[in-house]
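The sequence and structure come first.

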Amino acid sequence: MSVSRNDWTKDEIIAIYNKPMMDLLFEAATVHRQFHDPNVVQVSTLLSIKTGGCPEDCGYCPQAARYHTDIEGNDLMTVSHVKAQALRAKASGSSRVCMGAAWRNVKDGPEFDQVLEMVRTINKLDMEVCCTLGMLTENQAQRLAEAGLYAYNHNLDTSEEYYKEVISTRGFEDRLQTIENVRKTNVTVCSGGIIGMGESIEDRAGMLVALATLNPQPESVPINALVAVEGTPMEDEKPVEIWEMIRMVATTRIVMPQTQVRLSAGRMSMSREGQAMCFFAGANSIFAGDKLLTTPNPDVNDDMKMFDMLGLIPQKPFVKAAQPETVEAEQSKFSALGEKPKWTRPGHTIERNIEASQKSKV
Ligand code: SAM
Ligand code: DTB
Ligand code: SF4
């Protein structure tokens with residue numbers, strides 16, 4: 001049964017975000033304890049199954065082909081490589097594997113079939129499987145669900161207004177459409193965003209309104225602090241203060257009480273004390289492993305020491321929703337439709353994105 005409110009307004013959320021810190025922390029921790037065990041934190045492992053060379057212009061992203069960053073691009077991983085990595089993640093305490101591909105959208109064909117096989121393989125290891133592959137049609141979401149996908153990650157990233165300063169190759173409404181397509185299946189929704197891209201508090205609240213008024217709310221909301229990567233349009237953004245992260249996590253917890261709030265990118269520059277405050281404020285998931293998708297992340301052993309020190313226990317898989325069944329490719333009810341959906345091409349220009357791509361040519 002849902003007890004979450006779906007009618008949050010921006011003003012209400014701004015008022016929560018700006019509360020005196022002690023009041024904010026107390027309220028968030030109180031809500032957190034009503035719906036979650038405060039000593040349990042989910043450990044997920046990211047796997048970049050296809051790295052770099054992406055055609056999009058997301059201003060934060062080191063994987064966009066048009067910016068000159070130092071990342072090493074890779075073709076789609078093999079299923080056996082993915083299985084080996086998932087087994088390693090499981091052995092080190094992860095209950096979820098999140099596979100990311102630097103794609104604009106999923107295309108039917110052998111590569112997607114290979115991803116479906118990865119999903120089947122990891123689900124059979126009794127781990128939660130999440131994918132983040134870009135935009136998705138309803139048929140593709142159904143095929144992922146049938147393979148045993150537990151969650152699909154597709155971030156709104158920021159408010160609808162500020163989005164126009166970040167990405168020009170796809171629209172905010174395309175993101176909502178993908179989330180809607182996932183919602184037509186049993187796959188849970190993971191959607192959040194990034195702070196530290198030059199947005200205002202109003203924009204942060206705007207993003208939370210967009211997420212919290214989805215009905216049902218996303219089962220999982222990642223809050224990322226921008227990792228400013230050299231060569232991207234956002235390379236010079238100043239790092240977010242830990243207090244901003246704590247406020248964002250606490251506000252997310254209050255407006256989406258039942259969701260799993262993920263302390264995602266940016267932990268490299270957070271102290272243990274800062275992260276502990278985020279857990280107190282309602283974060284109950286982290287990405288572990290020495291790499292996120294392309295950028296560094298804290299050492300797993302250090303994370304486990306932090307868990308020991310704080311008395312935190314890694315969450316078991318499938319405690320929030322049942323494990324999906326896996327249907328083998330030969331038994332599938334769905335076939336590839338080869339659809340070419342009309343995702344928007346907004347066509348506005350973003351100066352800093354253009355500058356960064358021109359710099360890379362020079
Ligand atoms: N290509 C797919 C897409 O865009 O949906 C999936 C991968 S994409 C890298 C997943 C998410 O990672 C983005 O939506 C963004 O929120 C986050 N992300 C990417 N680069 C980041 C950075 N430099 N700092 C923080 N978060 C980042
Ligand atoms: C999310 O919100 N954050 C993760 C996951 N979902 C896919 C990705 C963070 C990526 C940070 C930049 C990088 O390592 O490339
Ligand atoms: Fe491509 Fe995703 Fe990066 Fe955007 S965030 S450039 S879609 S990999």
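In this predicted model, helix H7 has the buried residues Phe 172, Asp 174, Arg 175, Thr 178, Ile 179, Asn 181 and Val 182. Residues three or four places apart in an α-helix point the same way, because such a helix has 3.6 residues a turn. The elements against which the buried residues of H7 pack are listed below.

| Element packed against H7 | Residues |
|---|---|
| Helix H5 | 138–147 |
| Strand S4 | 151–153 |
| Helix H6 | 160–163 |
| Strand S5 | 188–190 |

The length of H7 can be checked against its geometry. Helix H7 runs over residues 172–183, and at 1.5 Å a residue its twelve residues should span 16 Å; the end C-alpha atoms lie 17 Å apart, which agrees.

The protein as a whole contains twelve helices and ten strands. Its radius of gyration is 19 Å, close to the 21 Å given by the globule rule for 362 residues, so the protein is as compact as a globular protein of that length. The C-alpha trace spans about 55 × 45 × 40 Å along its principal axes. Of the 362 residues, 49% count as buried. Among contacts between residues at least 6 apart in sequence, 82% join residues at least 24 apart.

Ligand 2 is surrounded by 17 residues, of which Pro 222, Leu 292, Leu 293, Thr 294 and Thr 295 are the closest. At least two residues of this shell come from each of strand S2 (96–101) and strand S7 (220–225). The shell around ligand 2 comprises eight nonpolar and nine polar residues, with no charged residues.

Terms used. Residues are numbered from 1 along each chain as its sequence is written. Chains are lettered from A and ligands numbered from 1 in the order in which they are written. This is a predicted model: local features need pLDDT of at least 70, side-chain atom pairs count only at pLDDT 80 or more; totals for chains, interfaces and linings use all residues. Helices (H or I, at least four residues) and strands (E, at least two) are DSSP runs, numbered from the N terminus. The expected span of a helix is 1.5 Å times one less than its number of residues. A residue is buried if 20 or more other C-beta atoms lie within 10 Å of its own, exposed if 12 or fewer, and partly exposed in between; C-beta atoms are placed from the backbone. Two residues are in contact if their C-beta atoms, placed from the backbone, lie within 7 Å. The radius of gyration is taken over C-alpha atoms; the globule rule is 2.2 Å times the number of residues to the power 0.38. A residue is near a molecule or strand if its C-beta atom, placed from the backbone, lies within 6 Å of it. Ala, Val, Leu, Ile, Met, Phe, Trp, Tyr, Cys and Pro count as nonpolar, Asp, Glu, Lys and Arg as charged, and the others, Gly among them, as polar.
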